[in-house]
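Work through these exercises with the model open beside you. Try each task before you read its solution.

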Amino acid sequence: MHADISESPKPSADEPLLGATTLPDDTLSLHVQPLPILAQTLPKPCETESQVVETIPSQEVLSTFLNMPLDIRWEICRLLGPLELLQLARSSKELRIFLLNRAHCQLWVLARINQIGLPERPPSLSEPAFANFLYSITCENCAAPDAWRLLNGHFLRLCEECFESKTIRYYPTANNRLRLWPMHDLYGAHWARKKKCLLEQEPEGTYACRILKADLDEMCSKIKVLANSLRADTGEEAHHGDLEAVRARCAPLLEDLQNKFRESTAETKGVLQWVRTQDQSRRAEQERRRQQRFKAIVARLEDLGWKEEIEYLGEKGLSTMSTLPSASLPYDLTETDWQDVYPGLCKFLEGVRERLRDKQYRDLITARMEVLEKALVAHYVKALPRTPEMDCRPQPIDFALTPECRAILDVPASVSVTPEQFSSIIPPLAEKWDAEQRQALLDYIVPLLGDIADDVDPLRLAIAYFKTGGTTKWGSSDGLMRYPDILAPSTRADSYHLRRAPLNDNHPDEEDSYAYAVKTLYWRTASPDGTDKEEKFSEVRVPYSLARLAEPEVARVLIESFRRVVSALGFNPARATFDELQQCGRWLRCAACERKDDVVAFTWLSAAQHDRAWHCEDLSRRECPPFLARRLKPAEWMLVDEAETAGIRTILCQYGETHPVASGIRVSCSLCADFNSTSGYYDPYGWSLSIPSEMPKHIMQTHGLTWKNFEEALLNGVIYIHPSEHGTRSEIKLGSLTYGSPPVTSKDNPGGHW
């Protein structure tokens, strides 16, 4: 007997129980719970899915049946099937005594013969126990209903919880034997403590067969006895010794276990196959009734005014609602049931209504923010073609929280909002915003520039670069920006976004629903059914702020890198402007990093990046690995001579039509006021286009222009690289090696801009 499954009570002469026959020691006896099976709508084996027993005998009918003479009762019962006898046996104590009396065992045999299509009864089960296993769907360990789990080699039905707690997986081989691990570690109590180690691990994706833990406990106890006897014979020094001796000692036991497993599997195979087929029909019928009940519930809810919430739930949300205990019963919906079901469903739908109202309000604010965006575009893009400077403008988040814009945006949903309503307030707000941001940038950068010429705009100097965050990633140019590009909106979800702030320092007030919605519009809202909660990101949207610019000591190191490069080009860092260096056409070489056959020519922007990544000790030691920081040397910049410069110009002309624009950068259509797209995303291994760009399709369909490639469109001024793209990498290898990738040039970017 198995200790973890409760055993059947001992039969008496007066009242024998189901399954109370004498069974072999290796067979699990069934304990049949006294449940009202008649109340369960179980189909007969020969019935279709729609034919289900629904009539429950009343006490008067049962009393009349019990008062009949014995021979009449016998004649009635011999015409019934196993299911009817099983239901009668569980309808009253008197009928249970009558039907389970050993003298009346022939009734069960006749019932099994009456039912066509039943499998053969195995010898290890009595007739009542066999009928119970065929038709009862309750767990034989905890009596839970709807227990669909069957165990190979056993006439046992378990619920999901008992199936997981009472059984363990094993890996079946082709001949369906228990495949055990090598028996080289069977000494002492090791296997008693770690029973799972006895079974071979189940490979990913294989069929999960299981055995009872009670069987495993029995096997482990026998192996422990053998291991202890072997240790007594060989001594402690053989703890990790003769593997063959261990296997020889355990071989008879393992062979006996495997033979028993094969026999029990063969005995139960046909019966389990028949029961699984019936279970499939039962479950299909239950599912049909559940759906029928749920449709009736949904119809009543719609009649009571919940139609909008039900439509918002959608297919996924309704599927979640159908799993609620009150809505998932496989019974027809009655008026009494409805009175019990409705309060729970009403509470669920109230949560749905709250999430629906939140979504509707967010959608309303999103639409009105788009109207504000159109008003800003109309103010800054006054004529076409559009230029990069027109994209360096405020965003809706910069004005949405101002009293002037909030008075227009934060109005009831019944009030329409149009771009014309902002025509009178946008010009003064935009002028004020431009002046404030320019002054804030000057206040930040001027103390870091040192002595500069009085007649030069500090923001136009070549060394006037801004950096966000602490230090850059090693060897990267992320976070480097110039004025006015620094004002452009960034589409990158990274740490240097100047219109985002940490949630901990800028937690929005949930009481102010408008401000909360404006700052968290890009958060993922909760799902309609509430299974997925609102995803609160670590950042919120805020008006433009310089709080994320680098600390002065870090920014000073960056500016010093640019100062060294500008000086190496022969310009005065205190006076040279960005435009002058872009048009100078000079290239640099780093003598400190050159090798014999690896001579690289840098543009001034790429040289500044190289200097910052490899030759700025204060910055590099915090970014690059220590072993590289120890090898840093001061940069030695040299101008590329005229002959090499002429060769570079030739290379640029050759690459002008063939070299592709970098993958995934943001490009803008100069013929439209607000159309932007990416250059497409390429497979990093094969350079095959994985996500195509929308720009070629837009240029051809909207403007009727022919499209050859991005490079030609850049040169012709049809498109331009959005100012939020701040890459600076541009270098060419000289000498005997193959030339590297030059920058993409355009009318607006003569010096090359990635």
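Of the chain's 754 residues, 46% count as buried; buried means under 20% relative accessible area, exposed over 50%, and partly exposed in between, with a 1.4 Å probe and protein chains only. The chain holds 24 helices and 17 strands. Helices (H or I, at least four residues) and strands (E, at least two) are DSSP runs, numbered from the N terminus. This is a predicted model: local features need pLDDT of at least 70, side-chain atom pairs count only at pLDDT 80 or more, and totals for chains, interfaces and linings use all residues. Residues are numbered from 1 along each chain as its sequence is written, and side-chain values use heavy atoms, with hydrogens and water left out.

**Exercise 1. Confidence**

Find the mean pLDDT of the chain, then inspect residues 236-241 and 470-477.

Solution. 
- Step 1. pLDDT is the predictor's confidence in each residue, from 0 to 100.
- Step 2. The chain mean is 75, and 70% of the residues reach 70 or more.
- Step 3. Residues 236-241 have pLDDT below 50, and beyond near neighbours in sequence this stretch has five contacts in the model. Contact means heavy atoms within 4.5 Å.
- Step 4. Residues 470-477 also stay under 50, and here the model has 26 contacts beyond four places in sequence.
- Step 5. Where pLDDT is low, the predicted coordinates should not be read in detail.

**Exercise 2. Aromatic pairs**

How many aromatic pairs does a search of the whole structure find? Classify the pair of tyrosine 135 and tryptophan 274, then the pair of tryptophan 338 and tyrosine 342.

Solution. 
- Step 1. The search finds ten aromatic pairs. Rings of Phe, Tyr and Trp (its six-membered ring) pair if their centres lie within 6.5 Å; planes under 30 degrees apart count as stacked, over 60 as edge-to-face and the rest as tilted.
- Step 2. The ring centres of tyrosine 135 and tryptophan 274 are 6.3 Å apart and the planes meet at 85°, so this pair is edge-to-face.
- Step 3. Tyrosine 135 is in helix 6 (residues 127-135) and tryptophan 274 in helix 10 (residues 243-303), so the pair links parts of the chain 139 residues apart.
- Step 4. Tyrosine 135 and tryptophan 274 are both buried.
- Step 5. Tryptophan 338 and tyrosine 342 make a tilted pair, with 5.3 Å centre to centre and 40° between the planes.
- Step 6. These two are about one helical turn apart, because they lie four residues apart in helix 12 (residues 335-380). An α-helix has 3.6 residues a turn, so residues three or four places apart point the same way.
- Step 7. Tryptophan 338 is buried at 7% relative accessible area. Tyrosine 342 is partly exposed at 24%.

**Exercise 3. Charges over rings**

Which rings lie under the charged ends of arginine 73 and arginine 482?

Solution. 
- Step 1. A charge sits over a ring if NZ of Lys or CZ of Arg is within 6 Å of the ring centre and within 35 degrees of the ring normal.
- Step 2. Arginine 73 sits over phenylalanine 98, 4.9 Å from the ring centre.
- Step 3. Arginine 482 sits over tyrosine 465, at 5.1 Å from the ring centre.
- Step 4. Tyr465 also belongs to an aromatic cluster with Phe562, Phe578 and Trp604.

**Exercise 4. A bent helix**

Compare the span of helix 11 with that of a straight helix. Then locate its kink.

Solution. 
- Step 1. The expected span of a helix is 1.5 Å times one less than its number of residues.
- Step 2. A straight helix of 16 residues would span 22 Å, but helix 11 (residues 307-322) spans only 16 Å between its end C-alpha atoms.
- Step 3. Helix 11 has a kink of about 105°, centred on glycine 314. The bend at a residue is the angle between axes fitted to the seven residues ending there and the seven starting there.
- Step 4. Its buried residues include Tyr312, Leu313 and Gly317.

**Exercise 5. A charged residue inside**

Is aspartate 279 buried or exposed? Which residues does it touch?

Solution. 
- Step 1. Aspartate 279 is in helix 10.
- Step 2. Aspartate 279 counts as buried because its relative accessible area is 5%.
- Step 3. Leaving out residues up to four places away in sequence, aspartate 279 touches Ile137, Trp148, Leu150 and Arg157.
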